[in-house]
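Colleague: I would like to learn how to read a protein model step by step, beginning with the loops. Could we go through this one together?

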Amino acid sequence: MSFKINPLNAIDFYKADHRRQYPAGTEYVYANFTPRSSRLANMLSDFDDKIVFFGLQGFIQHFLIETWNEGFFQQDKNKVITAYKRRMDNALGEGAVPVEHIAALHDLGYLPIRIKALAEGSRVNVRVPVLTIINTLPEFFWLTNYLETVLSAELWKSCTTATIAYEYKRLLTEYALKTGAPLDFVAIQGHDFSSRGMSGIYDATQNGVGHLTSFIGTDAVSAIDYAEDYYDAEGVVGVSVPATEHSVMCMGSEDKEIDTFRRLICELYPSGVVSIVSDTWDFWRVITEFTVELKDQILARQPNALGLAKLVFRPDSGDPVKIICGDPDAEKDSPAYKGAVQCLWEIFAGTHTEKGYKVLNERVGLIYGDSITLDRALKILQGLEAKGFASNNIVFGIGSYTYNYLTRDTFGFAVKATWGQVNGVPRELFKDPITDSGVKKSAKGLLRVEQSEDGFVLFDQQSPEQEQQGELKLVFENGHLITKCTLNEIRAKIDAYLKD
């Protein structure tokens with residue numbers, strides 16, 4: 001029997017009996033999902049306290065619709081109720097959680113929930129909610145915050161990944177403009193290497209799409225499937241190239257490493273792009289000796305249908321900044337002192353951009369994917385610029401060191417209830433712990449979000465009529481996805497921010 005998530009159990013245990021803890025007569029609970037703070041500002045000095053909102057549509061289709069339908073509504077009622085009671089009884093005590101409300105939900109046949117949200121791909125100011133959620137039938141008031149655990153777990157990471165991908169794209173765009181590099185190269189200059197280091201393959205898939213909101217370079221094959229299934233992705237969704245790993249190079253043996261290079265570039269991949277990991281043993285020997293011996297074969301490779309015939313060298317250890325740009329503490333004029341880009345330039349030369357920066361011969365290039373961060377990427381780009389090289393001499397493999405060294409607190413995401421109704425009387429809810437720094441202070445009452453010159457602005461304590469206005473639009477209601485967006489639309493929105 002295969003394991004599938006039971007949507008009823010995608011909760012923290014304490015959620016199970018909040019229904020009875022609310023005041024008698026509770027009819028509606030209204031909550032929001034908001035990034036409350038920013039730690040990324042410590043990674044880039046010019047971070048402007050805005051996150052990229054992404055992932056809701058995929059979550060709605062995959063979990064709120066497919067998982068709930070397949071794992072609950074389409075299952076035998078007695079079976080799901082018995083299983084739920086067993087789980088609660090065994091953990092919390094016999095009869096600790098009544099199940100009549102679960103039976104009533106099964107009889108209803110859909111999730112009586114309304115979600116309003118900002119457009120995906122929007123850059124949203126910290127402390128502004130990206131969505132609100134409320135029950136649509138009073139007897140299911142408990143359902144709003146019952147969904148908090150899964151909503152938070154599924155969305156904070158997608159938003160965080162999309163935000164960091166945007167920051168990479170903004171950085172790469174800035175240096176492309178500075179050094180005269182082609183802007184269309186930026187889309188492949190950030191390449192997703194993160195899958196093997198993520199928290200499971202579904203995490204890798206879902207967050208791989210977050211990377212795809214800003215780039216097309218990816219090794220996350222399943223992320224392309226997700227983008228096509230849940231975001232109607234069309235055209236060029238994600239691209240990659242043939243590439244080796246250390247096992248390939250080791251199997252060829254150290255004393256015949258150059259023969260492995262020759263076989264790869266002349267026999268297996270005589271055209272197009274091929275990436276070869278080059279530091280299995282002596283990276284500097286590869287860069288300064290193998291390149292000289294194989295220079296004629298490298299330059300003779302034929303362009304593919306896209307006009308590409310590039311050998312990409314991939315260092316995979318050491319200090320990325322020093323290896324690419326040079327180590328001032330190394331022996332003067334040694335390969336390590338010069339750095340990989342300078343070494344390749346001395347052998348293959350190249351061209352210059354209109355702004356006078358050097359670009360390596362189109363037959364060679366570099367990709368670095370070991371422990372890349374925004375800070376290291378910035379230092380590499382600064383180092384290249386200082387040596388007179390354009391930014392497009394390097395591709396960054398963005399891995400789990402970037403995309404999995406994160407928590408929900410990276411941007412302080414939280415779901416909080418701010419409004420409710422008890423026996424027909426509205427109640428404005430808020431929290432403001434006296435022991436907190438102010439980060440956990442919540443909004444109050446019904447919410448409205450408007451667009452301004454500085455981004456999105458939150459207005460709380462709104463009337464029901466005011467709550468219907470603004471930029472939070474209906475996305476999901478009573479088991480149905482109401483509004484859809486495409487990956488191409490999200491990408492266009494993000495690119496428009498880069499041009500502002």
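Modeller: Let us begin with a definition: helices (H or I, at least four residues) and strands (E, at least two) are DSSP runs, numbered from the N terminus. This is a predicted model, in which local features need pLDDT of at least 70 and side-chain atom pairs count only at pLDDT 80 or more, while totals for chains, interfaces and linings use all residues. Residues are numbered from 1 along each chain as its sequence is written, and side-chain values use heavy atoms, with hydrogens and water left out.

Colleague: How many helices and strands does the chain have?

Modeller: The secondary structure of the chain comes to 20 helices and 18 strands, and its C-alpha atoms fill a box of roughly 80 × 55 × 45 Å along the principal axes.

Colleague: Where is Asp-49 placed, and what is its phi near?

Modeller: As a general idea, most residues other than glycine have a negative phi. Asp-49, however, has a positive phi near 60°, and its place is in the loop between β1 (26–35) and β2 (50–52). A residue is called buried under 20% relative accessible area, exposed over 50%, and partly exposed in between (1.4 Å probe, protein chains only), and Asp-49 is partly exposed with a relative accessible area of 37%. Asn-478 also has a positive phi, of about 50°; Asn-478 is found in the loop between β17 (473–477) and β18 (480–481), and counts as partly exposed at 24% relative accessibility.

Colleague: In helix α9, which residues are buried, and which are exposed on the other side?

Modeller: In α9 (residues 221–231), the buried residues are Ala-223, Tyr-226, Ala-227, Tyr-230 and Tyr-231. They are on the same side of α9 because they cover an arc of only 100° around the axis, where the arc is that of the directions from the helix axis to the C-beta atoms. On the other side of α9, Val-221 and Asp-229 are exposed. The cover over the buried residues of α9 includes α2 (56–73), α8 (201–212) and α20 (487–499), and α9 is followed by Asp-232, whose phi is positive, near 45°.

Colleague: Into which domains is the chain divided, and how many residues does the contact take from each?

Modeller: Domain bounds come from an automatic or database domain assignment, and here the chain is divided into domain 1 (7–159 + 415–497) and domain 2 (180–404). The contact (heavy atoms within 4.5 Å) takes 24 residues from domain 1 and 27 residues from domain 2.

Colleague: How is the size of such an interface read?

Modeller: The size of an interface is often given as the accessible area lost when the parts come together. Buried area is the accessible area (1.4 Å probe) that two parts lose on being put together, summed over both. Domain 1 and domain 2 bury about 2,000 Å² between them, 52% of it on carbon and sulfur atoms. Lys-157, Leu-487 and Arg-491 supply 31% of the area that domain 1 buries against domain 2, more than any other three residues.

Colleague: How many salt bridges are counted between the two domains?

Modeller: A salt bridge is a side-chain nitrogen of Lys or Arg within 4 Å of a carboxyl oxygen of Asp or Glu, and the count between domain 1 and domain 2 is 2. Lys-157 forms a salt bridge with Asp-203, their closest N and O atoms being 3.1 Å apart.
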